[in-house]
Amino acid sequence: MLQTAPIPNNLEAFWMPFSANRQFKKAPRILARAEGMHYWSHDGREILDGTAGLWCVNAGHGRPEIAEAVKAQLLELDYAPAFQMGHPKVFELAARLAAIAPQGLDHVFFTNSGSESVDTALKIALAYHRVKGEGSRSRLIGRERGYHGVNFGGISVGGIVANRKHFGMMLAGVDHIRHTHDPAKNAFTRGVPEHGAELADDLERLAILHDPSTIAALIVEPVAGSTGVLIPPKGYLEKLRAICDKHGILLIFDEVITGFGRLGTPFAADWFGVAPDIMTTAKGVTNGVVPMGAVFVKSDIYEAFMNGPEHLIEFFHGYTYSGNPAASAAGLAVLDVYQREGLLTRGAELAKHWEDALHSLKGLPHVVDIRNIGLVGAIELEPIAGEPAKRAFSAFVKAYEAGILIRVTGDIIALSPPLIIEEKQIDQLIETLAGVIKSLD
Ligand code: PXG
């Protein structure tokens, strides 16, 4: 099979998303092929995938079962209108997803991405209160450093400054609780940090400030991913749940990254034993191969919409491609793989080896913190004075040259390999990364 690919003659027309376009186009990193734990670069080098693509290829690359299911579906029924019509696989997929979801989350609304899942969840929350006769609940609360995709709802509740500052006023009536990162107390913690559960009280403060009767929902990532892996302190999510319950605020977990086995349980809600009212997912639902997102809601939320004349649409929302046949077929085949190979809990078996390997990097130059949970890890580097993000970006480029794919955000290296990774591949990833870190200026 083809192991190399030509660099396209014209790199100019494509405006690359979330990329340093000029740097890339001077020294392109083109991927030619992928299989299992590896990519192959355009010039035929094997690259160990330390990030499951972009946190999505949980079952590893090039799975023939998934490709064949999508091909068969496209030949049988390529597209079915998503509104007022259905096709078998979307119902089957929703039922199978509901069966593995945390308890009570037994209805599924399909989207095409994490960003759409988030905006869908926010709209469900607002509309839910309205259909229940509590239309005054129109405020949405997010958290500093949160990442909830790039659509207007998501950046409004999100807390990553660079993703917000260019885009005007966004949604009105949004506020944010504080983030949970406290390196002074928690640096180099293995797993869940001890300190910081009281940060959840910030929600109580906002509830008092705005009056609880104006607040529709709180959205948080159970483990913040994109901002550089922030693991919630012990007892923190439980406290958020309790405050939401006290005030009738819906709790939305954004599990776009943590869903589908990333922490060693099917969802982060399972890991922490805290159940949200709404849960957003994408990425791993199809192993990243066909765009799809899924929003899970509790029965009483779904049922609240099921009133009024039966011929009328209950929720004025949906996408042309919501639950489209190819994505649904991919989702079903992916669930088969996850279940056959035990991948939704495999991370738990590897977590200790992963943790030990990551923390072996402590003491290397510039390393100021290491964090881990399940099969997620982060290594925070001291920034170069006056040049934030440069040291980690250089680590990313050098790592790629050394044959490993890592992600960087600011000066934090994030790792989230496919859940099929073997212990010796964890060792290879971390040993190569150690060499890269030692070589940094
Ligand atoms: N919510 C969360 C928690 C996410 O992590 C989204 C929503 C948006 O998903 P879409 O499918 O619209 O991109 C995400 C996406 C990274 C990285 O390296 C993270 C994401 C996407 C790309 C890169 O941290 N998360």
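How many residues surround the ligand, and which are the closest? In this predicted model, the ligand is surrounded by 19 residues, and the closest are S113, G114, S115, G149 and V256. The protein is divided into domain 1 (21–59 + 342–438) and domain 2 (67–340). Both domains give residues to the shell around the ligand, so the ligand lies between them.

**Ligand shell**

- Two or more residues of the shell come from each of the elements α2 (52–55), α5 (114–131) and β14 (407–409).
- The element that gives the most to the shell is α5, with three residues.
- Sorted by class, the shell around the ligand consists of eight nonpolar, eight polar and three charged residues.

**Domain arrangement**

- A distance of 26 Å separates the C-alpha centres of domain 1 and domain 2.
- Contacts between the domains involve 34 residues of domain 1 and 29 residues of domain 2.
- On the side of domain 1 that touches domain 2, at least two residues each are supplied by α2, α13 (343–359), β11 (367–373), β12 (376–381) and β15 (412–415).
- With nine residues, α13 gives the most to this side of domain 1.
- The residues on the side of domain 1 that touches domain 2 comprise 17 nonpolar, 11 polar and six charged.

**Helix α9**

- Helix α9 covers residues 236–247, and its 12 residues should span 16 Å at 1.5 Å a residue; the end C-alpha atoms are 17 Å apart, which agrees.
- The buried residues in α9 are Y236, L237, L240, R241, I243 and C244.
- Viewed down the axis of α9, these buried residues fall within an arc of 165°, so they line one face of the helix.
- Exposed residues D245 and K246 are carried on the face of α9 turned away from its buried side.
- The cover over the buried residues of α9 includes α8 (201–210), β7 (215–220), β8 (250–254) and α10 (268–272).

**Residue Q73**

- Q73 belongs to helix α3, which comprises residues 64–76.
- Q73 has 22 other C-beta atoms within 10 Å and is therefore buried, the cut-off for a buried residue being 20 or more.
- Apart from neighbours within four places in sequence, the residues in contact with Q73 are P325, A326 and A329.
- Although Q73 and A326 are 253 residues apart in sequence, their C-alpha atoms are 6.0 Å apart in space.

Notes:
Residues are numbered from 1 along each chain as its sequence is written. This is a predicted model: local features need pLDDT of at least 70, side-chain atom pairs count only at pLDDT 80 or more; totals for chains, interfaces and linings use all residues. Helices (H or I, at least four residues) and strands (E, at least two) are DSSP runs, numbered from the N terminus. A residue is buried if 20 or more other C-beta atoms lie within 10 Å of its own, exposed if 12 or fewer, and partly exposed in between; C-beta atoms are placed from the backbone. Two residues are in contact if their C-beta atoms, placed from the backbone, lie within 7 Å. The expected span of a helix is 1.5 Å times one less than its number of residues. The arc is that of the directions from the helix axis to the C-beta atoms. A residue is near a molecule or strand if its C-beta atom, placed from the backbone, lies within 6 Å of it. Ala, Val, Leu, Ile, Met, Phe, Trp, Tyr, Cys and Pro count as nonpolar, Asp, Glu, Lys and Arg as charged, and the others, Gly among them, as polar. Domain bounds come from an automatic or database domain assignment.
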